[in-house]
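Here is a briefing on one protein chain.

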Amino acid sequence: MIQIEKLTKTYTTKHGTVTGVDNISLDIGKGEIFGIVGYSGAGKSSLIRCINLLERPSSGSVKVDGKDLTKLNGEQLRKARLKIGMIFQHFHLISQKTVYDNIAFALRAAGTSNKDIKTRVEELLEMVGLADKRNVYPAQLSGGQKQRVGIARALANNPAVLLCDEATSALDPNTTLSILRLLKDINHQLNITIVLITHEMNVVKEICDRMAIMQSGLVIEEGYVYNIFAAPQKKLTKEFISSVVSFNVPTQILSGFTGTLVKVLFKGGVAGEGVISDMLQNFEVKGNFLHGAIEYIQEQPLGIFIMELKGNKSAVTDAINYMESRLAIVEVMSNGN
Ligand SMILES: Nc1ncnc2c1ncn2[C@@H]1O[C@H](COP(=O)(O)OP(=O)(O)OP(=O)(O)O)[C@@H](O)[C@H]1O
């Protein structure tokens, strides 16, 4: 649905040229929820704003539904943009207009008749759960309700893509969750492709199918969220993951162990316990559990165990190889003192 090819965005400032996006290529499939994570300044906003050409790329191309947006003239681009909805961190509602008129505004801009506007706005208000708020003004709404209006407005013209620019960053955790659930429902119901940028890994963990991690304008890691949580490659990715899932044991505790410390991850959670008990029965090693948890990522369990293995070196190696052969990911944290 979205093909980004060798996209670069540079800005000319009085201090020289700044690169916001550095030669990024990404392919986002129809109906996917794709998350782009990074700290402030990583280039997320520059990238998402290039997807609907709010920013014109310095080089490279952006294809949405097969159309290269960088090649369209003004009128063609205006039409193509109707198929790309966007929601924002600070909602960007028109304060002098009611909820109804904020949503109707997007339809009027697209030339929809008054009769069709009425039907469509009612439909959208139902979808986002705000039917009873149609005549109130934005100032009378909570942050979560404002974002629901933003979502209804973004969906007004039946877009194929919804871009979310830090859409939950101004909301408390419970409201964040309710907005993320709404986005997921909309994604299921309409098969709309959603691209969201965020600095919060819990947002990605909650709803994204795939993700990219950005740093200094580059995508440094990309893949299925579940796989990235199971086996992050880059230091920054590990840092983001540890902000939502703590696999860490305090260093002073780790230094007190004399055996080999291993972190064992099992895709599929509980099954892992069976592999560990088989391993303890079949090899001349003793296991001492320091930490065990099952995390749910996209409703799929990921089992994590941190344990000390004691025994002679070859038995420990055999035990680790055995767990790996049973599809565990084993990381040796320390070889003992
Ligand atoms: N209009 C602009 N003019 C000059 N430099 C810019 C402009 N927009 C972004 N940049 C620079 O491009 C880089 C990427 O910024 P960008 O806003 O895309 O990052 P971000 O990951 O979205 O961060 P944040 O969440 O803080 O917005 C930064 O170095 C930023 O200073």
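**A strand and its sheet**

Strands β11 and β14 (residues 328-334) run antiparallel and are joined by six bridges. Strands are DSSP E runs of at least two residues, helices are H or I runs of at least four, and both are numbered from the N terminus. Two strands pair if DSSP finds at least two bridges between them. This is a predicted model: local features need pLDDT of at least 70, side-chain atom pairs count only at pLDDT 80 or more, and totals for chains, interfaces and linings use all residues. Residues are numbered from 1 along each chain as its sequence is written.

Strand β11
- K263 has E331 of β14 as its bridge partner.
- β11 also pairs with β13 (residues 300-310), antiparallel, over eight bridges.
- In β13, G303 is the bridge partner of F266, and L309 stands opposite T260.
- β11 (residues 260-267) is largely enclosed by the rest of the structure, because six of its eight residues are buried (20 or more other C-beta atoms, placed from the backbone, within 10 Å of a residue's own).

The sheet
- Four strands form an open sheet in the order β12-β13-β11-β14, with antiparallel pairing.
- β12 (286-297) and β14 are the edges; each has a single partner strand, so one side of each lacks a neighbour in the sheet.
- The twist averages 20° from one strand to the next (axes are lines fitted to C-alpha atoms; angles run from 0 to 180 degrees between N-to-C directions).

The whole chain
- The protein chain has twelve helices and 14 strands.
- Of its 337 residues, 38% are buried.
- Its C-alpha atoms fill a box of roughly 80 × 50 × 35 Å along the principal axes.

Note on methods. A residue is buried if 20 or more other C-beta atoms lie within 10 Å of its own, exposed if 12 or fewer, and partly exposed in between; C-beta atoms are placed from the backbone.
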